[in-house]
Amino acid sequence: NPLLLDTALQSVLETSDPRKVGEILNAGGGLKKVQSTLIGAYMNNFTRSRRQTLLYYLALCRNGLSKELLTYFEPQQGENLFSELTVMGNLPFVKVREVSGQQTYFLHDAMYKICDEVLLRPAQAAGDSQKIVAWYDSQLELASDPSEAADLLVSSLFYRMRSDPLKGYQW
């Protein structure tokens, strides 16, 4: 599993304790247990807490995390967080693409699955998805092009469904 290997290597780099990662990998308990333990070790051993925040936002923002959306979430720390996000763009499980003229950051697809199981709590993800819906609604008000508005509507649907499935379906 390449993602498991990448996560293990990053955990070694962050924790500076290869024995700890070796113990996790040798403990058994199945792939899910190993992934969960590695993500936990990775999250709990950052020398910079900003990475914990950014990994959470990356896991939450399935349609990508841009500087604009990050600043919406963290108005006081947006610039500092984005600088750290730029560094994280070099990690093997983070992808960077240009979307609508902005550098936008995504997790590797398998990493989203792991984070759904290990990192995101349903109630918190629903509440934060509502914030993302509000951000999309504000972007819709600013959209001058009908195709841009249509793209925003489609992109917001996932968050609308996550924040409130019934309202999202009715929307």
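How do the axes of helix α8 and helix α9 cross?

## Getting started

What you have here is a predicted model, in which local features need pLDDT of at least 70 and side-chain atom pairs count only at pLDDT 80 or more, while totals for chains, interfaces and linings use all residues. Residues are numbered from 1 along each chain as its sequence is written, and side-chain values use heavy atoms, with hydrogens and water left out.

The chain comes to 10 helices and 3 strands. Helices (H or I, at least four residues) and strands (E, at least two) are DSSP runs, numbered from the N terminus. Starting at that end, the order of elements is α-α-α-α-β-α-α-β-β-α-α-α-α. Of the 171 residues, 42% count as buried; buried means under 20% relative accessible area, exposed over 50%, and partly exposed in between, with a 1.4 Å probe and protein chains only. Among the contacts in the chain with a separation of 6 or more, 59% join residues 24 or more positions apart. Contact here means heavy atoms within 4.5 Å.

## The pair α8 and α9

Back to the opening question: the axes of α8 (residues 122-142) and α9 (residues 146-163) cross at roughly 160 degrees and come within 8 Å. That makes the two helices, α8 and α9, roughly antiparallel. Axes are lines fitted to C-alpha atoms, for helices over the stretch in contact, and angles run from 0 to 180 degrees between N-to-C directions. Angles under 35 degrees count as roughly parallel, over 145 as roughly antiparallel, 65 to 115 as roughly perpendicular and the rest as oblique.

The residues of α8 that meet α9 include Ala125, Ile132, Val133, Tyr136 and Leu140. On the α9 side, Ala149, Leu152, Leu153, Tyr159 and Arg160 are among them. By class, the residues of this contact divide into 10 nonpolar, 6 polar and 3 charged. Ala, Val, Leu, Ile, Met, Phe, Trp, Tyr, Cys and Pro count as nonpolar, Asp, Glu, Lys and Arg as charged, and the others, Gly among them, as polar.

## Gln139, a residue of α8

Gln139 sits in helix α8 and, at 16% relative accessibility, counts as buried. Setting aside neighbours within four places in sequence, Gln139 is in contact with Glu68 and Leu152. With Glu68 there is also a polar contact, side chain to side chain, at 3.2 Å. A polar contact is a pair of N or O atoms within 3.5 Å; within protein, one must be able to donate a hydrogen and the other to accept it, and residues adjacent in sequence count only if both atoms are side-chain atoms.

## Helix α4 and its surroundings

Now meet helix α4 (residues 50-60), which packs with helix α6 (residues 78-88) at an angle of about 75 degrees, the axes being 10 Å apart. The two helices, α4 and α6, are therefore roughly perpendicular to each other. Arg50, Leu54 and Leu58 of α4 are among the residues that make the contact, as are Leu81, Leu85 and Met88 of α6. This contact has 7 nonpolar, 2 polar and 3 charged residues.

Because 8 of its 11 residues are buried, α4 is largely enclosed by the rest of the structure. Those buried residues include Tyr56, Tyr57, Ala59 and Leu60. Leu120, in the loop between α7 (109-118) and α8, is buried too, at 7% relative accessibility. Not counting residues up to four places away in sequence, Leu120 touches Tyr56, Ala59, Leu60 and Cys115. The C-alpha atoms of Leu120 and Tyr57 are separated by 9.7 Å, although the two residues are 63 apart along the chain.

Is Ser100 buried or exposed? This residue of the loop between β2 (94-99) and β3 counts as exposed, at 74% relative accessibility. Ser100 also has a positive phi of about 50 degrees, although it is not a glycine.

In strand β3 (residues 102-107) you will find Thr104, buried with a relative accessible area of 4%. A polar atom of the Thr104 side chain lies 3.2 Å from the backbone oxygen of Gln102. Tyr105, also in strand β3, counts as buried at 4% relative accessibility. Beyond its neighbours up to four places away in sequence, Tyr105 touches residues including Leu58, Phe82, Leu85 and Val94. Tyr105 and Arg62, 43 residues apart in sequence, are 9.5 Å apart in space, C-alpha to C-alpha.
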